[in-house]
Amino acid sequence: MRDFSYLRATSVDAAREAAALPGAMLLAGGTTLIDLAKCGVTEPDTLVDITHLTGLDRIEVNERGATIGALARMGHVADHADIKSRFPAVSEALWQAASAQIRNMATMGGNLMQRTRCPYFRDPSNFPACNKRQPGSGCSAIGGVTRGHAVLGTSEACIAMYPGDLAVALVAFDAVVHLGERRVSVDDFFLLPGTTPDREHAIELGEMITAIEIPGTAAARRSTYLKIRDRQSYEFAAASAAVGIEFEADGRTIRDLRVALGGVATKPWRARAVEDALKGKVLEPETVRAASLLAVEGAVDHGANHYKIELAPRVVARAILKLGETA
Amino acid sequence: MTLELSLNQQPAHARQGSSIGQPLTRRDGFLKVTGAARYAADNHPPGMLHAVLAVSSITRGRVASLDIEAAKAHAGVVEVMTPRNRPALAADPDAKDHPFMFRLDLLQNDQVRYPNQTIAVVIAETLEAATEGAALLSPRYEALPARVGLDDAESFVPRGVGVGGPAVQHKGDIEAGLKSARTRIEATYETPAQYHNAMEPHAIVAAWDGDRLSIDTPSQGLAMAQGRIAGLFGIAPQNIHIRSPFLGGGFGSKGMISGPQVLGILAARLVGRPVKLVLRREQMYGPVGHRAPTRQTLRMGMDGEGRLTAIHHHAKTASSTFDDFFEPAADASHTLYASPAITTSHEAVRLDTGTPLFMRAPGEATGSIALESAIDEAAHACGMDPLEFRLRNHAEVEPMTGKPFSSKALRECYSQAAKAFGWASRPLQPRLMRDADGFLTGWGMGTATFPAIMFQAEARAVLKADGSGLMETGAQDMGQGAWTAFAQIAADGLGLDIEQVDFRAGSSDLPNAGIAGGSGHTATAGMAIHNAGAAVIARLADLATGNEASPLFGAGNEGVLARGGRLYRRDDESRSESYAEILARAGLTEIEGHGKGAPDPASQETYAKHAHGAVFAEVKVDPDFGQIRVTRLVGAFAAGRVINPRLVRSQYYGGMIWGVSFALHEEAITDRRSGRIQNANLAEYHVPVNADVPSVEALLVHEDDPYVNALGIKGVGEIGITGTAGAVANAVWHATGVRPRRFPIRIEDLLV
């Protein structure tokens with residue numbers, strides 16, 4: 001392995017400053033970074049360890065919402081009683097992610113920085129062409145093994161899937177990333193590949209995720225995360241949906257609806273077309289199924305991942321109907 | 001080494017009971033859960049260097065250049081071994097003197113014949129320096145197109161399949177049988193390439209002292225490894241000491257010494273210091289064997305009563321371009337179902353992969369999933385319950401040879417497992433059962449079978465002056481429980497409590513215990529152990545019954561029995577004498593005895609010897625998502641005498657879970673353009689997690705077999721995969737009405 005320097009940051013400001021230097025990267029749980037370093041995808045000169053910074057692992061929940069420190073562990077947040085009761089989709093997305101061992105290591109902020117599992121991206125010695133790693137070098141995935149690649153939000157430059165679960169729930173409920181003072185919605189935080197797939201997050205040099213804020217809403221309180229996959233645990237989603245719903249006083253008419261998709265797109269995918277089609281409607285299975293098809297409007301497959309286009313709307317519909325049943 | 005001592009120091013509560021048939025907990029369990037068990041890579045002799053393989057990123061072609069200077073300039077790098085400076089070998093690694101000798105890639109030239117083939121070895125003071133040195137080699141290649149699929153190369157009929165069986169075998173007239181049939185089915189099934197993925201990667205720590213070689217490495221066959229290394233280096237086998245007390249799984253991939261292990265020895269020779277070499281996970285996808293892909297077509301005919309009139313099982317498979325191992329998948333149809341006409345045939349292609357090798361139930365596992373699926377299709381075509389159909393076609397003699405079975409409690413397996421599972425209430429038609437949550441529910445079954453094989457083994461027993469015993473054989477514990485089961489047999493053979501026996505294994509300086517493979521280790525080494533014990537007891541009995549001072553005088557050899565460290569007169573158990581007393585009177589400090597284990601050629605000619613079983617599976621399938629979950633597995637197995645029911649159940653559980661893995665999870669996914677495997681890691685090469693196997697039950701069906709060997713042991717290591725994989729596939733059909741023809745079965749196969 002390449003030699004690198006290791007620094008232990010003493011404050012948030014010191015961490016930001018150190019991480020702004022060329023070749024420097026922040027290290028939190030390390031579950032993605034160490035993995036990618038082993039693959040030869042990331043080659044940091046300096047690792048700035050922020051795991052000892054105090055005050056960044058708090059989980060605060062009140063009527064207005066939740067503020068979760070960037071260093072809170074995924075496992076802790078998943079098990080937090082107020083997160084479970086007020087943001088069930090967030091808790092469910094977390095405990096269905098990765099494995100128990102990884103959830104106990106990985107942090108919330110680090111999770112947002114998780115990178116794609118595209119096998120071509122992760123294998124630089126065998127597949128030099130990857131626009132995400134090396135802008136302009138081409139895309140090895142197109143024409144290759146694509147069962148796990150995205151069908152939404154792709155470009156000619158990149159079809160790599162966003163693999164995570166947490167951010168799918170976050171984007172559904174308009175969560176906001178705190179980059180120190182600056183605030184960016186999770187939806188805007190994740191960037192579409194377009195012609196610059198190497199740029200994945202709206203985070204600037206010298207910035208650091210300090211917290212994630214989720215507004216408290218009725219839709220978040222009645223929410224769920226449904227994840228479909230071949231294996232029961234420790235597998236990325238074939239398709240997943242974070243859904244939240246608020247009914248009018250009649251208990252049938254949809255006042256507010258939140259729908260986001262995972263396992264199908266190049267970023268956590270908010271399905272506003274489904275939301276718009278169903279808001280104000282009475283929740284009926286046929287209506288929901290028809291509207292759910294809008295979730296994959298514009299989807300493009302690359303052969304082996306075609307099934308995701310079939311699967312995703314069914315997952316969305318099931319999640320919405322399941323929440324309706326508990327009315 | 002203190003290992004044996006530690007094994008005997010367990011708390012008494014873990015040693016309840018003693019010998020054959022007792023459910024002892026693993027004698028090595030405490031060492032393993034406390035981290036005290038030392039695996040090969042845990043050894044660090046003084047002055048040890050680290051070696052890291054540089055492996056080919058192309059699939060076929062040649063290495064044009066390596067930046068050796070850059071690697072050697074990196075701090076800590078001691079040497080870079082390439083074809084130019086690799087120490088000379090006494091034998092050509094591409095020579096093949098016998099079918100069990102596999103060609104190795106030992107840097108003999110610049111050719112690349114598969115991905116992840118070693119192209120150089122970097123040796124350094126630290127693992128980190130060696131790793132970076134390997135990266136700095138920046139190889140350049142001249143690449144040729146990769147041939148990676150079953151249709152990518154010209155097909156041929158191999159000269160032999162498996163361990164040399166005929167590629168094509170006939171009994172009766174298959175076409176006539178099909179023609180006369182009332183009902184016929186024909187179906188093609190595909191199984192993917194699979195990799196062993198033992199938790200412990202292949203590792204070696206090698207140290208030379210002149211022409212003497214000391215090795216720590218996991219091995220399923222110590223004497224074979226010793227012989228192979230001796231041949232390659234031109235030294236006497238007895239100059240090589242291999243220690244392999246524990247394997248972190250083998251599954252066939254550690255049966256023969258692999259190329260990377262030999263490269264570790266070469267590296268140590270090159271630098272003149274001890275060297276440790278451990279494969280990275282992705283480096284296990286190439287040089288250490290795999291299960292080859294298959295495409296199998298089954299044609300069956302049935303008469304009006306559902307009796308098979310013909311079975312044709314054809315399998316296409318693949319080997320490497322440079323060696324021969326052909327997965328004998330179609331041979332699965334030799335032993336299970338009665339039919340007047342049976343043809344099994346194989347064809348193969350040569351692909352740019354590492355050579356496929358033995359992988360847990362080689363041929364049996366791949367063949368079973370296709371055969372059991374086809375049997376299910378045939379039963380349905382006849383309108384019969386799958387169990388009734390199997391009973392209708394139950395083989396009273398081995399179908400292909402006409403030999404009687406040495407024992408066959410398959411009917412009991414069927415009935416016990418079916419009853420425990422609740423099979424009787426199964427509707428005949430698919431897609432009729434739903435659970436309370438709306439999941440499609442399906443029940444399927446499969447028949448399990450695996451041959452009862454024996455190899456050659458030896459053991460040495462010593463009875464000491466204090467009446468305690470020592471038993472030595474170079475047996476291999478790869479997690480199956482050899483440390484425990486063999487100690488039980490040793491205690492039984494010596495007529496001692498297990499605490500009184502010092503059992504030693506896992507080292508090449510002990511008698512040759514044969515190979516831990518083919519489900520034959522317990523039978524083979526177990527017989528050697530038992531015979532060695534018997535030899536000691538016979539001498540002891542001679543001493544006692546021939547001495548007037550002994551209370552056993554005149555009883556004759558047959559007139560005494562050994563138990564708990566004493567000899568008793570058979571006709572008067574009040575007359576007995578301790579082993580220690582007999583030795584003391586004879587003025588001996590110890591008695592030594594030797595024993596062998598081997599198949600009996602006469603009974604081999606006369607009888608067909610197989611273990612059998614029946615597996616029933618319940619799956620639930622989400623009707624919208626095609627998401628499959630196995631909710632229940634019940635298996636019943638008859639495999640002769642059970643030495644330790646706790647260990648045997650574990651073997652069945654492991655096999656059955658592997659069956660689930662075969663049906664639903666495992667697949668090496670290859671990029672067809674480059675020939676590279678895209679999921680060469682444990683995150684994406686899937687095996688079941690605990691949540692995928694919520695309920696697994698294994699019933700042990702009593703079976704006495706007087707013909708397999710004196711102990712009546714058949715073997716349990718591999719049978720669990722067979723039957724189970726097909727049972728899961730058949731349950732998926734029963735749940736959904738969709739017949740799986742490609743494995744593993746995936747969500748998209750069931751999205752309708």
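Predicted model: local features only at pLDDT ≥ 70, side-chain atom pairs only at ≥ 80, totals over all residues.
Residues are numbered from 1 along each chain as its sequence is written, and chains are lettered from A in the order in which they are written. Local features need pLDDT of at least 70, side-chain atom pairs count only at pLDDT 80 or more, totals for chains, interfaces and linings use all residues, and side-chain values use heavy atoms, with hydrogens and water left out.

Start with chain A. Its domain assignment gives domain 1 (5–49) and domain 2 (219–325); such bounds come from an automatic or database domain assignment. The C-alpha centres of these two domains of chain A lie 36 Å apart.

Now turn to chain B. Here 5 strands form an open sheet with mixed pairing. Their order is β16-β17-β25-β26-β27. Strands are DSSP runs (E, at least two residues), numbered from the N terminus. Two strands pair if DSSP finds at least two bridges between them. β16 (433–434) and β27 (696–700) of chain B stand at the edges. Each has a single partner strand, so one side of each is left without a neighbour in the sheet. β16(B) pairs with β17 (residues 440–451) of chain B in the antiparallel sense, over 2 bridges. M433(B) has T441(B) in β17(B) as its bridge partner.

Between β25 (610–621) and β26 (628–638) of chain B runs a loop, and F625(B) is found there. Is F625(B) buried or exposed? F625(B) counts as buried because its relative accessibility is 1%, and buried means under 20% relative accessible area with a 1.4 Å probe, protein chains only. Leaving aside neighbours within four places in sequence, F625(B) is in contact (heavy atoms within 4.5 Å) with residues including L226(A), I228(A), L311(A), I747(B) and L751(B).

Last come the cavities. On a 1 Å grid over the protein atoms alone, a cavity is a set of points where a 1.4 Å probe fits but cannot get out. Grid points are joined across faces, edges and corners, and a volume is the space filled by probe spheres set on the points. The count comes to 8 cavities of 30 Å³ or more. Of its 16 lining residues, K132(A), Y162(A), L191(A), E200(A) and T266(A) are the closest to its centre.

Conventions:
1 Å grid on protein atoms, 1.4 Å probe; cavity = no way out; pocket = protein on both sides within 12 Å on 5 of 7 lines; lining within 4 Å. Helix = DSSP H or I, 4+ residues; strand = E, 2+ residues; numbered from the N terminus. Buried < 20%, exposed > 50% of the residue type's maximum accessible area, 1.4 Å probe, protein only.
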